[in-house]
Amino acid sequence: MKITAAITGVGAYVPDYVLTNQELETLVDTTDEWITTRTGIKERRILKGENQGTSVMAIKAVQQLLEKTGTKAEEIDLLICSTTTPDLVFPATANIVSAAVGTTKAFSFDMQAACSGFLFALATGAQYIQTGTYRKVVVVGADKMSSIIDYTDRANCIIFGDGAGAVLLEPNTDGFGVLDQVLRSDGNGEQYLHQKAGGSRRPPSAETVANREHFVYQEGATVFKFAVTNMANVAAQVMERNHLTHDDVAWLVPHQANKRIIDATANRMGVGPEKVMLNIQRYGNTTNGTIPLCLADYESQLHKGDNLILAAFGGGFTWGSVYIKWAYDPKPDPQSA
């Protein structure tokens with residue numbers, strides 16, 4: 001029988017500190033109305049404290065995932081961490097997470113594809129399940145975007161936040177799980193969205209720091225145009241090749257970068273706002289964290305057999321869409337018992 005990789009649980013974590021639009025008004029020349037109208041964002045979470053890296057959030061998300069699914073850490077075969085803001089150049093943040101949560105029998109690695117990274121990692125993890133190589137794979141998407149944001153740059157500092165989400169993938173033979181994906185990249189987009197320094201091309205130096213080259217740089221109008229077109233195109237392509245109409249889709253799970261991009265993707269797919277997962281107003285763009293955070297926030301509304309279309313667009317450029325048939329019904333809230 002055909003083996004598919006089903007999501008059997010989700011976990012999430014966001015920091016306690018809330019950075020509101022009103023606080024940003026004290027940092028840069030902007031307003032709550034301007035930010036909300038153009039992005040849909042009202043607030044975002046920020047990880048504060050010394051020596052607090054992306055792994056801090058990823059660890060908490062994975063720990064919650066293991067607890068919710070009743071999975072022992074030593075049962076995990078593979079842990080993939082998709083991140084654009086690793087704790088260190090090396091070792092991989094996935095290794096740090098794996099050691100902290102106790103996945104002693106797993107191998108682990110990072111995947112970097114900017115805001116599309118979680119989808120790329122999800123598709124990669126699914127292959128290990130589908131081939132029968134492994135039975136339990138954790139995919140965690142996490143980013144501390146505040147570590148690479150210039151809070152004097154009003155165009156970018158309003159967009160990004162920090163957070164993490166994780167999923168558990170397990171074999172399924174009943175037709176649930178990851179059923180299809182369209183993943184794309186085009187390196188010609190580098191010039192429009194990148195970090196100027198910090199890598200091997202321009203290693204950190206007094207000059208790069210002084211020139212503020214270790215922050216996110218983007219040409220917003222160009223990125224917006226590419227994102228609207230490409231994210232909508234791949235979502236529609238996945239639907240068409242799986243013979244799905246807008247009535248068949250239970251949920252669009254879009255990358256939370258800009259509400260106008262999300263709306264354009266939903267319109268292209270023909271799905272109404274009641275079928276669109278949305279939490280950008282609370283978290284902003286957490287890059288690799290956006291899609292798993294949506295799954296965690298909406299988990300109680302998901303039902304076995306629901307058709308989910310995941311879609312993302314990121315720097316590089318990278319973009320993609322994944323078709324998932326949800327594998328389980330909502331689990332009772334122990335606090336409501």
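Mentor: The protein chain is divided into domain 1 (4–176) and domain 2 (179–278 + 303–326), with bounds that come from an automatic or database domain assignment. This is a predicted model, in which local features need pLDDT of at least 70 and side-chain atom pairs count only at pLDDT 80 or more, while totals for chains, interfaces and linings use all residues. Residues are numbered from 1 along each chain as its sequence is written, and side-chain values use heavy atoms, with hydrogens and water left out.

Trainee: How many residues does each domain put into the contact?

Mentor: Domain 1 gives 26 residues to the contact and domain 2 gives 32, where contact means heavy atoms within 4.5 Å. The area buried between the two domains is about 2,200 Å², and carbon and sulfur atoms give 65% of that; buried area is the accessible area (1.4 Å probe) that two parts lose on being put together, summed over both.

Trainee: OK, and which residues form the salt bridge?

Mentor: Asp150 forms a salt bridge with Arg212, and their closest N and O atoms are 2.8 Å apart. The term stands for a side-chain nitrogen of Lys or Arg within 4 Å of a carboxyl oxygen of Asp or Glu, and across the interface of domain 1 and domain 2 the rule finds 1 of these.

Trainee: Which element gives the most to the domain 1 side there?

Mentor: That is α5, with 5 residues on the side of domain 1 that touches domain 2. Helices (H or I, at least four residues) and strands (E, at least two) are DSSP runs, numbered from the N terminus.

Trainee: Switching topic, where is Asn285, and is Asn285 buried or exposed?

Mentor: Asn285 sits in the loop between α9 (280–283) and α10, and Asn285 is buried, with a relative accessible area of 3%. Buried means under 20% relative accessible area, exposed over 50%, and partly exposed in between (1.4 Å probe, protein chains only).

Trainee: What is Asn285 in contact with, apart from its neighbours within four places in sequence?

Mentor: Leaving those neighbours aside, Asn285 is in contact with several residues, including Cys115, Phe160, His255 and Thr290. A polar atom of the Asn285 side chain also lies 2.7 Å from the backbone nitrogen of Thr287.

Trainee: And how many residues of α10 are buried?

Mentor: Helix α10 (residues 290–298) is mostly covered, with 8 of its 9 residues buried, among them Thr290, Pro292, Cys294 and Tyr298.

Terms used. Polar contact = N/O pair within 3.5 Å; in protein donor to acceptor, adjacent residues only side chain to side chain.
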